[in-house]
Amino acid sequence: MFVRRYWSVGSWSKDQKRFMTTSKRVQDRSKLKRVHDLEIVTEKWKIASKVLFLMEILKKEPEMIIPVRSLDQYRSQISLPKPHRVSDFIRKSPKLFELYKDHRRVLWCGMTKKAEDLVEEEDRILEEHQDKAAEYVTRFLMMSVDKRLALDKIVHFRRDFALPVDFRTGWVHKYPQHFKLVKDEEGLEYLELVNWNPAWAITELEKKTMGITEASEDHTPGLLSISFPLKFPPNYKKAYKYRGAIDHFQKRSYLSPYADARGLKAGSKEFDKRAVAIMHELLSFTVEKRLVTDHLTHFRHELVMPQKLMRLLLKHFGIFYVSERGKRFSVFLKEAYEGSELIEKSPLVLWKEKVQSLIGYRGKKKIENFSDMSDMEDNGFDESQSENEDIDLQSEQEETEGDMEDDSLGDNSEMDIDEVCSAYEDNTKRC
């Protein structure tokens, strides 16, 4: 049994308003730090994510068909404002979706045979990935200070960790040797660690650097002295100017994400470097080596990370790349990409690429040739929503709760315009 330890770096007021920068403002902070290839990665999956969302909706239906008018309730999830018609959006991908009218002239939407085959293929991939996903969730719990995390927060990482759609209702009960579902006195659900696994208390960076797959059974996580792989834009010459500061940061020892961090002083260099290691580890767990930053900030207390997490991400732009396409920021693990392609593609990434190749959206050609990402538009459709709208499809109520959580857990220091803009100006001065 694990003793509950409570750690706090501050509190939020429900009345606080988050200030978000616009896409153009973010890109203008420093053109030299912009990674064009990673902006392409963000952009090209925008439409694909909405198509995947629609496929999940159809998959939940008994016969995988639904009246088009019933899809109107999901306009916000596919970023389709009125007066644009849902049927027009569906018609743009005839290789995946079919439209037909019944004898009462009601328009229905279903999947093509090719799309149905892809759905079956995805189910097989997720089934084969279950054990690895369970490992990642367990290690996530092992990094947390209380060895438990709110289920409503973990669900935001469902697609990123390749967890199945029934994650909340079924999957969490399949690995009782690793974790269990508990409720607090207020009835909130948490996923709690059952057994600490020393063999898993080793970072992905350690595995890659030291060439090992698991730690020994008597392994105790402690200080690490492993440098983070760095990638700077070729035209960013200040990387050489600040080489001394960067080298100093790389040589500084830091506490493992799996070690007890309660003794670290918030704001210290050791505290910040451990936070970098945690974000590196979490991004390494994800399918595409990227996350929506809002979802990271939800775990600042549980993972003992800085209040101003965005500043830290922007400061270490040799390790991470922050892209803002629409209303949300996404953070990439730069070492995982060569240009706009993942270096190592999991079966699920290859599956998503199959789906993407079948999408007949006319705006796709613009992805390859745009000169200014901030001016990009797609035939009048509102593309402001992030592709990682992590909506749980179990019920409409859960969808609403998920969106409300994203708004309520933010604080104005995280996304304040001045904070974000000044972070780029200061990012090489305080390594």
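**Close-up views of a predicted model**

**View 1. A salt bridge joins lysine 208 and glutamate 335.** The side chains of these two residues, lysine 208 and glutamate 335, meet at 3.7 Å, N to O; a salt bridge here is a side-chain nitrogen of Lys or Arg within 4 Å of a carboxyl oxygen of Asp or Glu. The model is predicted, local features need pLDDT of at least 70, side-chain atom pairs count only at pLDDT 80 or more, and totals for chains, interfaces and linings use all residues. Residues are numbered from 1 along each chain as its sequence is written, and side-chain values use heavy atoms, with hydrogens and water left out. The pair links distant parts of the chain, 127 residues apart: lysine 208 is in helix α6 (residues 204-210), glutamate 335 in the loop between β11 (329-333) and β12 (337-338). Helices (H or I, at least four residues) and strands (E, at least two) are DSSP runs, numbered from the N terminus. Lysine 208 is exposed, with a relative accessible area of 59%, whereas glutamate 335 is buried, at 14%. Buried means under 20% relative accessible area, exposed over 50%, and partly exposed in between (1.4 Å probe, protein chains only).

**View 2. Other salt bridges.** The count of salt bridges comes to 27. Arginine 290 and glutamate 288 have their closest N and O atoms 2.8 Å apart, and both residues are buried. In the salt bridge of glutamate 353 with lysine 345 the corresponding distance is 2.7 Å; glutamate 353 is partly exposed, at 25%, and so is lysine 345, at 30%. A network of salt bridges links Lys132, Glu135, Arg139, Glu204, Lys207 and Glu281.

**View 3. The largest nonpolar core has 55 residues.** Such a core is a set of buried Ala, Val, Leu, Ile, Met, Phe, Trp, Tyr and Cys residues joined through side-chain atoms within 4.5 Å. Phe140, Trp171, Leu282 and Phe320 touch the most other members. Elements that each supply at least two residues of this core include α4 (113-143), α9 (269-285) and β10 (320-324). Beyond its neighbours within four places in sequence, tryptophan 171 is in contact (heavy atoms within 4.5 Å) with residues including Gln130, Val137 and Phe179.

**View 4. Three strands form an open sheet in the order β9-β11-β10.** The pairing is antiparallel; strands pair if DSSP finds at least two bridges between them. β9 (290-292) and β10 are the edge strands. Valine 292 stands opposite serine 330 in β11.
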